[in-house]
Every structure is written in C-alpha cells, then in structure tokens.
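Thank you all for making the time this morning.

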Amino acid sequence: MVPRPSRVPSASRSVNPYIVCFVVIAVVAILAVTTGLLVYFLAFGQKYYFYRSSFQILNVQYSDELSSQVIQEYRSLSGKIESEITRIFKESNLRRQFIRAHVVGLRQSGTDVIGDIVMKFKFARNNNEPSVKRIESVLHQMLNNSGNLAMNTIDLTQITHQDTENILTQECGVRPDLISLSAERIIGGTKAKEGDWPWQVSLQWSNLHHCGGVLISKEWILTAAHCFRSRSDTLQWTATFGISTIIPKQRRGIRTILIHNDYTPETHENDIALLQLDREVTFTRNIRTVCLPDASQNILPGSPAYVTGWGSQRYSGSPVPDLQQARVNIISNNVCNAPSSYNGAVLTGMLCAGLSQGGVDACQGDSGGPLVQEDARQLWFLVGIVSWGDQCALPDKPGVYTLVTAYREWINQHAGI
C-alpha cells in the first residue's frame with residue numbers, strides 16, 4: 001500500500017498592522033458619527049404636532065351665510081381668523097414653531113360665532129415643557145391685543161396626525177399637502193401623483209375609460225351631458241377613483257343619470273349632468289370631494305387654473321392609464337369670442353381656459369372632468385367642466401368648459417348640494 005502523502009502546511013501570512021489600524025479607526029469613526037446623529041435626532045430633532053382649538057368670535061354675529069364653507073361670507077371670516085392666529089404666533093416666542101392654522105368649521109353660540117381650528121406646530125423632540133401650555137400662554141397674552149377680530153380661546157387639545165387627517169377628510173377641496181399642513185385629454189401636462197386631485201373620477205363604459213367626472217359628495221358626481229348621448233344604460237357605466245384607470249382604489253356602479261333638460265348638442269349649451277352612485281364612496285386621504293363655488297363667485301380672467309384627466313396625448317388619440325394635470329389660464333368670454341377664436345360660439349354658461357399660444361389643453365377622454373382653482377385658504381373649487389373645443393391645444397382655440405357657477409341652483413335642486 002502506498003502511503004498517502006501528508007498534508008503540506010499552508011504558508012503563514014502576516015497582516016500589515018497599518019491596515020488593521022486603519023480599519024479599526026474607520027469602524028470606530030462610523031459608529032461615533034452614527035451614534036452622534038442618532039443622539040442629536042432624538043434629543044434635538046423636531047417633530048410635527050397638531051392641535052385642535054375653538055375660538056369664540058365676539059364681534060361677529062352668526063348668520064346663515066356662515067353655515068356653508070363654500071359661501072363667500074364663510075370663506076372671508078375663516079380667512080380673517082386664520083390670518084389673525086398666524087399674526088399672533090408670528091409675533092410671539094413660538095414664531096419658529098408655528099406652521100399654520102386652518103378653520104375646519106364655524107358654528108353658532110347664541111349670537112356669537114365659534115370657530116373650530118386645527119393648528120400645526122414643530123417642536124423639538126426633547127421638549128420638556130408641555131406644548132399645550134406654551135400655546136395657551138401665547139393665546140392668552142396676545143388675543144387681548146387682536147386686531148379686527150375679538151376672540152377668546154375656549155379649549156385647546158393635542159390631536160394626532162390621523163385625527164387631523166380624519167377631520168380634514170370631511171372638508172371639500174382639501175389636497176394632501178394641506179393635511180401635511182399635481183370626451184378629452186391633457187396636452188402639455190404632467191403626470192399626477194396619488195391624491196393630488198382626490199375628486200377626479202374616471203367614468204367607464206364597459207370597463208373602458210370614456211369620460212372624466214368630479215366627486216361632489218359621497219354619492220354624487222358632476223360631469224358633462226355629452227358623455228351620455230349614445231350611452232344611457234346605467235348598468236354599463238362604472239365610476240372608479242384613484243390616479244390609475246387600470247388599478248383603481250375604489251369602484252362604484254351608477255344608479256341614476258340626470259342630464260340637464262335643456263342640453264343642446266348643436267351649441268353645447270347646458271352641457272352638464274349628475275350621476276348618482278349605487279352606494280356611497282368611502283372618503284380617504286386620496287378620495288374626497290371638491291368644493292362647489294357659490295353662484296356669485298368671481299372667476300378672474302388671467303387667473304391660473306388646473307385641468308386634469310386621462311384623455312389622449314394628441315387629437316384623435318387614445319386615453320392614457322395615468323392621470324395627467326395641466327396648468328392653464330382663465331380667458332374672458334370676450335377674448336374667446338373674437339373672430340380669430342370661437343367667433344361668438346361661447347355662451348354665458350361657458351368658460352374658456354388655456355394658453356393663447358396653445359400647447360396646453362384638454363382633449364378626447366377628458367370630457368366631464370374638472371377645471372379647478374385654489375383660493376387663499378388653499379382649498380380647491382370647481383369652476384368648470386370639460387365640454388368642447390376646436391381639436392386640442394391649437395393657438396387661439398382654448399378649451400371651453402361648462403361654467404359651474406351658472407348651474408349652482410340646478411345642482412342644488414337635484415343633488416341637494
């Protein structure tokens with residue numbers, strides 16, 4: 001038997017002590033920096049806090065005009081309250097901690113008005129002094145020196161971010177950026193993010209996107225009458241919610257289609273319709289209603305607005321699966337009716353929006369969708385419904401929209417909103 005050869009021992013390797021030293025120092029340094037950052041973040045980092053408070057407005061008498069957040073009197077008083085609270089904190093030792101205040105309701109107390117407010121602050125995580133006491137102290141000191149409004153604080157409590165979201169979910173026209181206190185298409189726009197336009201609805205015929213719509217309550221959608229000229233069977237229609245028409249967040253059937261009795265296809269006059277859902281939609285952070293304007297709300301030529309939808313990217317194209325958004329400008333009816341534009345075809349119940357040079361517009365598949373504007377309180381109001389136009393995004397041929405303020409009585413009569 002031939003003996004197996006013995007294993008030859010491997011040669012020993014020496015490790016450079018400088019390398020060892022360098023590695024040890026590097027590891028220690030990384031651990032030190034990480035620990036330091038963690039300690040700093042926990043001790044000195046800042047966190048957002050939310051508070052709910054009620055203020056008694058002593059020098060304003062309650063009236064029915066303060067019962068709805070879309071009426072001008074409500075909006076005006078809410079704006080004044082928010083401005084006054086902002087001024088108070090910006091002139092106090094909490095000026096760096098205060099973020100914003102938002103009125104979530106006005107109610108009656110005898111002849112006075114009670115304003116319910118949500119406020120957002122940023123405090124250090126190691127803050128040992130109770131923040132409620134600090135805020136109350138500022139309010140008690142400063143409210144006596146308030147300007148146009150005489151206010152008293154009734155209560156102040158800290159609430160969670162989820163509480164704040166639940167409160168604001170019930171309010172119309174709210175986008176996620178406020179809570180954290182983007183048949184026609186959108187040409188020249190950009191892709192929207194989830195929740196940017198939470199009132200946007202896709203109206204689908206046989207599960208294919210056909211028109212846009214606007215959520216105005218848990219069970220009612222506002223849209224264009226011309227979407228239903230040859231498609232009136234409610235069983236074939238569904239409404240989906242979310243930025244994708246392929247993977248919607250919620251889906252509902254349609255119970256009722258109400259087309260304006262005086263809709264005239266030849267002139268596009270009274271191009272408006274209401275849809276009643278077969279069951280209420282569930283409000284979430286990314287699904288909620290837009291505010292309807294008061295009938296007297298003024299829409300200024302030249303002011304910015306946003307149009308959204310899943311319409312085609314070119315004239316006679318196909319709808320897209322992801323929601324698009326585009327910024328346009330309001331154009332006066334006089335300019336829109338010029339001979340080089342629509343030559344008198346834009347009637348009093350219509351509104352024009354776009355760019356004079358073209359390039360940004362709604363198109364096929366966007367019909368019935370919203371044209372919205374933001375007010376001074378960062379709430380969004382529906383001013384127009386995508387209706388008609390000469391092709392898409394042509395110079396001097398802006399989009400023409402159904403003017404919502406002209407139909408507030410009709411909407412209230414049929415939907416109670």
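What follows is a walk through the listed active site, two further residues, and then the pockets and the cavity.

Before anything else, please keep in mind that this is a predicted model, in which local features need pLDDT of at least 70 and side-chain atom pairs count only at pLDDT 80 or more, while totals for chains, interfaces and linings use all residues. Residues are numbered from 1 along each chain as its sequence is written, and side-chain values use heavy atoms, with hydrogens and water left out.

Let me begin with the record. Under "active site", an unreviewed UniProt entry lists H226, D271 and S367; its positions are given in the numbering used here, its feature names are shortened, and such annotations may be inferred rather than shown by experiment. These three span 142 residues in sequence, yet no two of their C-alpha atoms are more than 10.2 Å apart, so they gather at one spot.

Where do we find H226? It sits in the loop between β8 (220–223) and β9 (237–241), where strands are DSSP runs of E with at least two residues, helices are runs of H or I with at least four, and both are numbered from the N terminus. D271, for its part, is in the loop between β10 (250–259) and β11 (273–277).

Is D271 buried or exposed? With a relative accessible area of 1%, D271 is buried, a word that means under 20%, as against over 50% for exposed and in between for partly exposed, using a 1.4 Å probe and protein chains only. Setting aside neighbours within four places in sequence, D271 is in contact (heavy atoms within 4.5 Å) with T223, A224, A225, H226, Y263, S387 and T402. With S387 there is also a side-chain to side-chain polar contact of 2.7 Å, that is, a pair of N or O atoms within 3.5 Å, of which, within protein, one must be able to donate a hydrogen and the other to accept it, residues adjacent in sequence counting only if both atoms are side-chain atoms.

Next comes G368, placed in the loop between β14 (350–354) and β15 (370–374), and buried at 0% relative accessibility. Its C-alpha atom is separated by 9.7 Å from that of H210, although the two residues are 158 apart along the chain. Not counting residues up to four places away in sequence, G368 touches, among others, L222, T223 and A224.

Q69 belongs to the loop between β1 (46–57) and α2 (72–90) and is buried too, with a relative accessible area of 17%. Its side chain makes a polar contact of 3.5 Å with the side chain of E171.

The largest pocket holds about 400 Å³ of space, and of the 21 residues that line it, the closest to its centre are S68, Q69, V70, Q170 and C172. The largest share of that lining, 3 residues, comes from β2. The second largest pocket has a volume of about 170 Å³, and R75 and F381 are among its lining residues.

The largest cavity, finally, has a volume of about 50 Å³, with W197, P198 and W199 among the residues lining it. On a 1 Å grid over the protein atoms alone, a cavity is a set of points where a 1.4 Å probe fits but cannot get out, a pocket is an open set with protein on both sides within 12 Å along at least five of seven lines, and lining residues have an atom within 4 Å of a point; volume is the space filled by probe spheres set on points joined across faces, edges and corners.
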